[in-house]
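The entries follow the order in which I looked things up.

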Amino acid sequence: MNWVRFRPKKLEKLLRQQGLMGNSYRILYGDTKDLPGMVKEAMSKPMSLYDDNIAPRLVPFFLETIKKHGKKSFIWLGPRPQVFIMDPELIKEVFSKNYLYQKRHSNPLTKFLTQGLVSQEGDKWAKHRKIINTAFHLEKLKHMLPSFCLSCTEIISKWENIVSVEGSHKIDVWPHLQQLTSDVISRTAFGSSYEEGRRIFELQKEQAQHIMEAMRSVYIPGWRFLPTKRNRRMKEIERDVHALIRGIIDKRMKAMKAGEANNEDLHGIMLESNFKEIEQHGDKDFGLSIEEVIQKCKLFYFAGQESMAVLLVWTLILLSRHQDWQTRAREEVLQIFGSRKPDFDGLNHLKIELREAEAEGFVNLKQEKMSIEEYALMFT
């Protein structure tokens, strides 16, 4: 009764006393019954390629709440209120005072997808960040460029083969670009264990779908222990991913001890950094455990694949809308690289800049800044 009724009503009273407005709390479900319906309706309508305002499509319920109750408002995700923060100064305060505003995950099922930096605080977060950060130094990233090129070449070859057979062809690039980013992560994260990496990605992708379905409904404490079809499958995926990553780690550690390891992929760099940290302090507590390394490997997939695929699709949309910039970009690439494969030094000589693009109307940086402030509510 405290979880379902008394505590939510007390929180609602406190929020209203502080000047925030929102729907009255409804037992157990809150606003979760209204939210998916509005998203489904928004997604059923076609989206104009000439409309950059995607918020009504992605978060229609949030925008409707703000329209109805103002910028100082809240919604109910089950028995928990979620407050919208749209004032840039308040957002700055939340991010800078992480000792007050700590991470909290309402649905324990998210642990099946990934843990690590996304859920850690304080000294533990700092330790893990220090070890992982080594993998993202510029000199380390340079060695990964051939993997990027190989994955891109494979996708372009697929497109060229389709077009050469039919003369012209309409291609849905979204699944291809999803495959591209997953291949890049598999190669840069696991190197020679690329095929195993792809299998891990496929399982993580399925796991993410199960997590999203679970998060659209109210989580009832203890529900994850029931032997439902979805719960059984999620646990099976967790075991399979754990076993695959553990196998890769064991092989890499044997190779490292034998002096045969190639530590130019993210996985190898992270293990090497971890060993150095332990040796430097003479205490294994200063490094990561095997379980923590496994969680970091899962995080590589979860954090990188979808976001980069979306960015590539949006880039193609912008270039198709502004074909003069598409022509200029192509000419610059051909001028610098010709028929050569891209290399790091050549990439540094690509000079078409965002400010120049803004001056000619390709993008509006001021509007982008306003959008960031307006959509900051999505990060609550």
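Entry 1. I began with Arg340 and Asp343, whose side chains meet in a salt bridge with an N to O distance of 2.8 Å. I note that the model is predicted, and that every value here is computed from it. Arg340 counts as partly exposed, at 45% relative accessibility. Asp343 is also partly exposed, with a relative accessible area of 26%.

Entry 2. I turned to Arg26, which forms a salt bridge with Asp31; the closest N and O atoms are 2.9 Å apart. Are the two partners buried or exposed? I found Arg26 partly exposed, with a relative accessible area of 37%. Asp31 has a relative accessible area of 1% and is therefore buried, the cut-off being under 20%.

Entry 3. I looked up Glu154 and found that it forms a salt bridge with Arg187, with 2.8 Å between the closest N and O atoms. Glu154 belongs to helix H8 (residues 145-166) and Arg187 to helix H9 (residues 173-190), so this pair ties together parts of the chain that are 33 residues apart in sequence. For Glu154 I noted a relative accessible area of 31%, which is partly exposed. Arg187 is buried, at 11%.

Entry 4. I asked how many salt bridges the rule gives for the model. The count comes to 12.

Entry 5. I then left the charged pairs and looked for nonpolar side chains on the surface. Trp3, Ile220, Trp223 and Leu226 form a nonpolar patch there, and together they have about 360 Å² of accessible area. I located Ile220 in the loop between helix H10 (194-215) and helix H11 (229-257).

Entry 6. Of its 380 residues, 33% count as buried. The chain exposes about 23600 Å², of which carbon and sulfur atoms supply 57%. Among contacts with a separation of 6 or more, I noted that residues 24 or more positions apart account for 65%.

Note on methods: Residues are numbered from 1 along each chain as its sequence is written. This is a predicted model: local features need pLDDT of at least 70, side-chain atom pairs count only at pLDDT 80 or more; totals for chains, interfaces and linings use all residues. Side-chain values use heavy atoms; hydrogens and water are left out. Patches are made of residues with over 30% relative accessible area and no salt bridge: like charges are joined within 9 Å, nonpolar side chains (Val, Leu, Ile, Met, Phe, Trp, Tyr) within 5 Å. Accessible areas come from the Shrake-Rupley method with a 1.4 Å probe; for residues, only the protein chains shown count as cover. A salt bridge is a side-chain nitrogen of Lys or Arg within 4 Å of a carboxyl oxygen of Asp or Glu. Helices (H or I, at least four residues) and strands (E, at least two) are DSSP runs, numbered from the N terminus. Buried means under 20% relative accessible area, exposed over 50%, partly exposed in between (1.4 Å probe, protein chains only). Contact means heavy atoms within 4.5 Å.
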